[in-house]
Amino acid sequence: MPHTHRKKPAHHNHKRLQVTDDSGWTHVSTSGKTARQVLRTTAAHQQDDPTQPGSFVPAEAPARLTAEDLRRQFEGYRSRWESSDVCRVVSETLQARRTPDARAYDGIVCVGLGSPSGFLRGGWVDRRSVSMYQLAGLVGVVDWLKQTNPNVPIYAQDPVFNELDKSLLSSLDITVLEHPHAFEKVTPATFLYCPGAEQAHLSQLLALNPKSLFGGPLEDVDSEVVRQFVEKRGSVRLPRFQEQEHAFWNMRIYCPEDSGEEDE
């Protein structure tokens, strides 16, 4: 009897992986190919929605990842950040807008960082590298502002922080707060670092009239509070970040001081 060679259908059990960037796009990777679909949630995984308690849970970190491993990983991201044009522009902007008052800022508040260590949405979304680079950017801002105010406190809030994230932030002298306590720290003398906060939360935060903001862009946000904030501040647009373009996509630094470098 002749043998029949019939090609059996391949069974792939690979789990799809979605990688979400800060512009609201999710990249869905399947069988080595990447499809792009839009999720206009403005990084909805980042910040808790008070109307839906329990909607967000801490990110799921790899089982074998340790705090020491995570800190070593961060130092690599930090090194690449420090050698970038974005870091240079941030430093030049803060230098140009420095005031003679050493206590110009009473605190640095970070909202919407995401998890540097873990997967989101049940393990489907990997945004760790974006969060790592954004954390490196935060530390760069902190280091710069501490030159004139070495005791300035730093706070961070995000419901997806897990214990490894909290350990990493603590090692960097950043105090993790639970919602809504970071909002309570914002004053007219605060430097607000919001690389991934939702529009609704930005409106709440900017209503508190913080001195400066790293994030955005805000120019097209449909909010009177945001519009008024932008009108009273100059802004400098950050260049493309070559290592991970989504980490600082179209972001700006908004400061009240006029450096003559505003980018329209």
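I take buried to mean under 20% relative accessible area. The model I looked at is predicted.

Helix 2. I looked up which residues of helix 2 are buried, and found Val86, Cys87, Val89, Val90, Thr93 and Leu94. I then looked down the axis of helix 2: these buried residues fall within an arc of 165°, so they line one face of the helix. For their packing partners I noted helix 1 (67-82), helix 3 (128-145), strand 7 (190-194), strand 8 (212-215), strand 9 (234-237) and strand 10 (252-255). I also checked the length. The twelve residues of helix 2 (residues 85-96) should span 16 Å at 1.5 Å a residue, and the end C-alpha atoms are 16 Å apart, which agrees.

Helix 6. In residues 199-206 I found His201, Leu202, Ser203, Leu205 and Leu206 buried. Their cover includes strand 4 (107-111), helix 5 (181-184) and helix 7 (224-231), along with strand 7 and strand 8.

Lys232. I located Lys232 in the loop between helix 7 and strand 9. Its relative accessible area is 60%, so I list Lys232 as exposed.

Second largest pocket. I noted a volume of about 170 Å³ for this pocket. It is lined by 13 residues, of which Asp158, Pro159, Phe161, Lys166 and Glu178 are the closest to its centre. Sorting the lining by class, I get five nonpolar, three polar and five charged residues.

Conventions:
Residues numbered from 1 in each chain as written. Predicted model: local features only at pLDDT ≥ 70, side-chain atom pairs only at ≥ 80, totals over all residues. Heavy atoms only, no water. Helix = DSSP H or I, 4+ residues; strand = E, 2+ residues; numbered from the N terminus. Expected span 1.5 Å × (residues − 1). Buried < 20%, exposed > 50% of the residue type's maximum accessible area, 1.4 Å probe, protein only. Arc of directions from axis to C-beta. Contact = heavy atoms within 4.5 Å. 1 Å grid on protein atoms, 1.4 Å probe; cavity = no way out; pocket = protein on both sides within 12 Å on 5 of 7 lines; lining within 4 Å. Points joined across faces, edges and corners; volume = space filled by probe spheres on them. Nonpolar A, V, L, I, M, F, W, Y, C, P; charged D, E, K, R; others polar.
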